Amino acid sequence: MFIKLSSLLSYRNLLIANIFIVVLKILYVTMIQKEFLTLEDFTIAKNIVEYHQYSEFVAQGGTAFKLPVYPFFISFFLWLLGSHALLAIAITQAILSFFTPVLLYKIIRMFGNEKMGIISGFLFLLSPAYFLYPGIIEASNIFISILLLWFYLYFRIWFTVEIKNTSIVMLGIVTALLFLTQVVIVPLCCLMLLALLVLKKITLKHFSCLLLVTGLLYSPWVIRNYGVFDKVVLSKSPTWQNIYYGFTEKGQLLDDLKLIPFERDHYLYQMRDEVNEFAMEETYKKEVERVTHGKPHYFIKKAASNFLCLWFVPPKYFYDNSLSVLMGRKVYVVILNLMTIVSLVFLYKRSRLLFWFSLLFFANFSFPYMIGHAANMRFKLDFEWYQLILASFLVWELSRYYKQKNASV
């Protein structure tokens, strides 16, 4: 059985299956999906096109509520196609998803295991959530592609003896693009870039060039923010809002941590139309301090609750046992999480470096949401693809064990 399956695990077959799935995604968003969920990025993009202003609420002026890459991505389609933009964005996101299995394969192949890369690609194609996600107008659709491209460029430098200047420049460009898409990845990438220098994978000259390229492309966002807000905003504005939302009825699973009543939350949400985001940050801070005063253990309990929701399902789906949620997400996530744990045990024996990197990778994505909230499924999708790599490693280890057992008989 394993021999027959192994013969099907070719890069050619992965590409064929990948094209087939992309076509199915396009057919789904064009023929079945009736509505496209939009978030603040879409509102900002509309204001870019209509008012030439990077703003969520035009009357309040500029915003730093969202990082600029995805709103500008959306604005291009709005400018070009108008009312047909949402469908075009969904189709483009479906096409972009083609590169995820390809990059997974190419990255893992650099570690000397081509078959495992192919298995990872196929597991991505079989994921229900990743199949449906192009239809949601949200930054994760391009963030995952950019992040995997960043990993590909990074490890290409890591495993190369003679580094070309073009490789350094390309990594610097993609680093800036990545940092301007999602802030959650910044700590891990900074540590990884520093590791290139500390472990002597690149010279100080190359490292300086990398920082220069990244800084030159990232700095316009910081300069723009200083010009608009008269203060330094390195990334984006929401901080206390995320912490606050973790104590609301919609953002929290545990009843005793739903400290912000729905009516109060609705009132504050409506305030955003008239109060700028930095004043709102102070409001959110005061709300959190008010409801948690003298009860620091709330934050510890909230972190545990958020961790559960991040790694299982968000609060709004927790008690939803409809067939689509149960089989399409809950059972799938439980199986994938169990496979991840077992895979980490095997990985600890095979490579301590990759084992600790995996823990660091998961911690980098988990801690911000433990502090803030875990009310959105997209948070896990930003890194769930890495679990698919670990699952493919487990499948590979089991196949090796099976072959060894048969050989000894």
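Axes here are lines fitted to C-alpha atoms, for helices over the stretch in contact, and angles run from 0 to 180 degrees between N-to-C directions. Helices are DSSP runs (H or I, at least four residues), numbered from the N terminus. The model is predicted: local features need pLDDT of at least 70, side-chain atom pairs count only at pLDDT 80 or more, and totals for chains, interfaces and linings use all residues. Residues are numbered from 1 along each chain as its sequence is written, and side-chain values use heavy atoms, with hydrogens and water left out.

**View A. Packing of helices α14 and α15.** Helix α14 spans residues 262-271 and helix α15 spans residues 277-292. Their axes lie 11 Å apart, at an angle of about 165°. The pair is therefore roughly antiparallel (angles over 145 degrees). The crossing of α14 with α15 is right-handed (the near helix is turned clockwise from the far one by less than a right angle). From α14, the contact uses Arg264, Leu268 and Met271. From α15, Met280, Thr283, Tyr284 and Glu287 take part. Contact means heavy atoms within 4.5 Å. By class, the contact residues are four nonpolar, one polar and two charged.

**View B. Ser399 in helix α20.** Helix α20 covers residues 378-408. Ser399 has 7% relative accessibility, so this residue counts as buried (under 20% relative accessible area, 1.4 Å probe, protein chains only). A polar atom of the Ser399 side chain lies 2.7 Å from the backbone oxygen of Trp396.

**View C. His373 in the loop between α19 and α20.** Helix α19 runs over 352-371. His373 is buried, at a relative accessible area of 8%. Its side chain reaches the backbone nitrogen of Ala375 at 3.2 Å. Which residues does His373 touch, not counting those up to four places away in sequence? They are Asn242, Tyr245, Gly246, Gly251, Asn306 and Phe379.

**View D. Leu149 in helix α9.** Helix α9 comprises residues 140-158. Leu149 is partly exposed, with 33% relative accessibility (partly exposed lies between the buried limit, under 20%, and the exposed limit, over 50%). Leu149 is in contact with Leu103 and Val174, leaving aside neighbours within four places in sequence. Lys106 is 43 residues from Leu149 along the chain. The C-alpha atoms of Leu149 and Lys106 are separated by 9.9 Å.

Technical notes: Helix = DSSP H or I, 4+ residues; strand = E, 2+ residues; numbered from the N terminus. Parallel < 35°, antiparallel > 145°, perpendicular 65-115°, else oblique. Nonpolar A, V, L, I, M, F, W, Y, C, P; charged D, E, K, R; others polar. Polar contact = N/O pair within 3.5 Å; in protein donor to acceptor, adjacent residues only side chain to side chain.
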